[in-house]
Amino acid sequence: QVQLVESGGGLVQAGGSLTLSCAASGRLFSWYAMAWFRQAPGKEREFVAAISTSGGSTNYRDSVKGRFTISRDNAKNTVSLQMNSLKPEDTAVYYCAAKNAFPSGSHYLTTQRKEYDYWGQGTQVTVSS
């Protein structure tokens, strides 16, 4: 069982930056592939970024490539999302998600929402124009 708590959301002007953090409780955090998803009002929850169990592999949706960076610290049980050059279309509730990837290899990750086992409560990011 993993519990996820996001933090770091807020209001920022277009072009600004925010860093989201997700703290995971429970054992064996390094077994979990992690990801960030987001959901804007009236829209489906969509994939943003994912990172493998070891942190050695990452994947991003096209619209955030070059602007967002996902990272993890397995010693601290945390995963972060650094967001730069924010745009109004990035406005959404951002969710942290975890998938038990054992016994897959250290480069395992997935972009599919249905694959994730655990979700945080979300943190609001609002980008003003």
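This is a predicted model: local features need pLDDT of at least 70, side-chain atom pairs count only at pLDDT 80 or more; totals for chains, interfaces and linings use all residues.
Reader: How do you know whether Arg 61 is buried, exposed or partly exposed?

Author: Its relative accessibility is 25%. Buried means under 20% and exposed means over 50%, so Arg 61 counts as partly exposed. Glu 46, at 27%, is partly exposed too.

Reader: Which residue forms a salt bridge with Glu 46 at 2.7 Å?

Author: That is Arg 38, with 2.7 Å between the closest N and O atoms. Arg 38 has 5% relative accessibility, which is why it counts as buried.

Reader: What makes Asp 90 and Arg 38 a tie between separate parts of the chain?

Author: Their closest N and O atoms are 3.0 Å apart, and they form a salt bridge. Asp 90 lies in the loop between β8 and β9 and Arg 38 in strand β4, so the pair ties together parts that are 52 residues apart in sequence. Both Asp 90 and Arg 38 are buried.

Reader: Which residues are linked in a network of salt bridges?

Author: Arg 38, Glu 46, Arg 61, Arg 67 and Asp 90 are linked in this way. In the whole count there are 7 salt bridges.

Reader: Why is the link of Cys 22 and Cys 96 called a disulfide?

Author: The two sulfur atoms are 2.1 Å apart. The cut-off is 2.5 Å, so the pair qualifies. A search of the whole structure finds 1 disulfide. Cys 22 is in strand β3 and Cys 96 in strand β9, 74 residues apart. With -80 degrees about the S-S bond, the link is left-handed.

Reader: How do you know whether Cys 22 and Cys 96 are buried or exposed?

Author: Cys 22 has 1% relative accessibility and Cys 96 has 0%. Buried means under 20%, so both values meet the cut-off.

Reader: Why are β1 and β7 said to stand at the edges?

Author: The open sheet has 4 strands in the order β1-β3-β8-β7, with antiparallel pairing. β1 and β7 each have a single partner strand, so one side of each is left without a neighbour in the sheet. From one strand to the next, the twist averages 15 degrees.

Reader: Which residues have the most contacts inside the largest nonpolar core?

Author: They are Leu 4, Met 34, Trp 36, Leu 81, Met 83 and Tyr 94, in a core of 30 residues. Elements giving two or more residues to this core include β3, β4 and β9. A second, separate core has 6 residues, among them Phe 37 and Tyr 116.

Note on methods: Residues are numbered from 1 along each chain as its sequence is written. Side-chain values use heavy atoms; hydrogens and water are left out. Two strands pair if DSSP finds at least two bridges between them. Axes are lines fitted to C-alpha atoms, for helices over the stretch in contact, and angles run from 0 to 180 degrees between N-to-C directions. A nonpolar core is a set of buried Ala, Val, Leu, Ile, Met, Phe, Trp, Tyr and Cys residues joined through side-chain atoms within 4.5 Å. Buried means under 20% relative accessible area, exposed over 50%, partly exposed in between (1.4 Å probe, protein chains only). A salt bridge is a side-chain nitrogen of Lys or Arg within 4 Å of a carboxyl oxygen of Asp or Glu.
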